[in-house]
Amino acid sequence: MSFNTFGHLFRVTTFGESHGAAIGCVVDGCPPNLRFTVEEVQAALDRRRPGQSRFTTQRREPDEVKVLSGTLEHPEGGLVTTGTPIALLIENVDQRSKDYADIAGAYRPGHADFTYDVKYGIRDHRGGGRSSARETATRVAAGAIAAKVLPGVSVRGAVVRIGEIEIDRSRWDWDEVQNNPFFCPDPKTVPLWEEYLDAIRKAGSSIGAVVELVAEGVPPGLGAPLYGKLDADLASALLGINAAKGVEIGEGFNAARLTGEANADEMRLGNEGHPQFLSNHAGGILGGIATGAPIVARFALKPTSSILTPRRTVDRTGQETEIFTKGRHDPCVGIRAVPVGEAMMWCVLADHLLRHRGQVGEGVKWPFGGTTM
Ligand SMILES: Cc1cc2nc3c(=O)[nH]c(=O)nc-3n(C[C@H](O)[C@H](O)[C@H](O)COP(=O)(O)O)c2cc1C
């Protein structure tokens, strides 16, 4: 199985299966002399960890990360990168492979079982093996390292829709996101989602969601026109997350409803004499290149495929059968996808910062003079 790597200069390779001994990643190309702590990486993983509320899977994985290489102890505490490959390891401790014994031969609808078999002729049926979203923990660990490449940048994510219930954007409060189990920025939507998701969970069903990501402080100029577009790379990274079925940048699909006047992000000179956009329909990217405005991306996640209701399928011997899922699963995978989306955005931005430096050097070259950022 090839293609376990993403990124060009900030390159992440992940390995491991859901029910194997461990999962992990190697971050290659990280610049030297960046300080970080294991606790920071762990804190990122803890936000994605399962079993933290009744709305996520009850699989109990401590997701304890070990840094195996690529760093030295910093004399003032924590670690410092040396510029060599950083290997991050997370051991699997709560596998219940017998949950999957009954379904080893049948293809679970909505899962990668059939496609793995048709491609490789062999698959690890225990929890989906490599296709399991357990692999996304390693991306979160890599994202915590990527964040160190981008001081002064923030990347934040929130769930903005679960099934039919969308947040009210006028009540958006980033501080609320860590106060509820849904990463919801609108406090009044929280009880609605609680009731809605409880009913779905009790029925053994599942539901989809939309996650919104916002990166602020991204220097203008990151990205490249045509084949290295920042928006295209972001879309690829986000669509690479398990269960992601759609990505929008800025207005996204809504842009199709707008007139040119409504969609134009008009410009004026800001306080420092630098151009400033009066709106951000573009989602912070024009011609594949960051404008300096916040980068806004949304991705849609399908409902969890593993549900209690029997679904029709076929098995490896060519028999028609029915299947339902006994294991432990998230009723809405969109919730735990928030830290994963943030991590992918960090990795893409870190990669593009290094690519930008490689081509045009440090800083921002404002078109009509002025200082660099
Ligand atoms: C954080 C996260 C957790 C997930 N957990 C589950 C799960 O418990 N049960 C499930 O059926 N799918 C889960 N998924 C989705 C599956 O991994 C995914 O649908 C499956 O591998 C097929 O891939 P695809 O949907 O990308 O085509 C999860 C996805 C994410 C992002």
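R108 counts as buried, because its relative accessibility is 6%, where buried means under 20% relative accessible area, exposed over 50% and partly exposed in between, with a 1.4 Å probe and protein chains only. R108 sits in the loop between strand 8 (86-91) and helix 2 (113-120); helices (H or I, at least four residues) and strands (E, at least two) are DSSP runs, numbered from the N terminus. The side chain of R108 makes a polar contact of 2.7 Å with the side chain of D113. A polar contact is a pair of N or O atoms within 3.5 Å; within protein, one must be able to donate a hydrogen and the other to accept it, and residues adjacent in sequence count only if both atoms are side-chain atoms.

The model is predicted: local features need pLDDT of at least 70, side-chain atom pairs count only at pLDDT 80 or more, and totals for chains, interfaces and linings use all residues. Residues are numbered from 1 along each chain as its sequence is written, and side-chain values use heavy atoms, with hydrogens and water left out.

The protein as a whole comes next. Its secondary structure comes to 7 helices and 19 strands. The protein has a radius of gyration of 22 Å, close to the 21 Å that the globule rule gives for 373 residues, so it is as compact as a globular protein of that length. The radius is taken over C-alpha atoms, and the rule is 2.2 Å times the number of residues to the power 0.38. The C-alpha trace spans about 70 × 50 × 40 Å along its principal axes. Of the 373 residues, 48% count as buried. Contact means heavy atoms within 4.5 Å; among contacts between residues at least 6 apart in sequence, 69% join residues at least 24 apart.

Helix 3 (residues 136-146) is mostly covered, with 11 of its 11 residues buried. Among them are R139, T136 and T138, as well as V140 and I145.

Two further loop residues can be set side by side. E64 lies between helix 1 (38-48) and strand 5 (65-67), and at 58% relative accessibility E64 counts as exposed. Leaving aside residues up to four places away in sequence, E64 touches Q42, L89, I90 and E91. G208 is placed in the loop between helix 4 (190-202) and strand 11 (209-216), and at 14% relative accessibility G208 counts as buried. With the residues up to four places away again not counted, G208 touches R161, I162, G163, L301, K302, P303 and C332.

An N or O atom in the K302 side chain is 2.7 Å from an oxygen atom of the ligand. The protein buries 85% of the 630 Å² that the ligand exposes when taken alone, areas here coming from the Shrake-Rupley method with a 1.4 Å probe, and for residues only the protein chains shown counting as cover.

Of the 15 residues around the ligand, H111, S131, A243, K302 and S306 come nearest; a residue is near if one of its heavy atoms lies within 4 Å. The shell divides into 4 nonpolar, 8 polar and 3 charged residues. Ala, Val, Leu, Ile, Met, Phe, Trp, Tyr, Cys and Pro count as nonpolar, Asp, Glu, Lys and Arg as charged, and the others, Gly among them, as polar.
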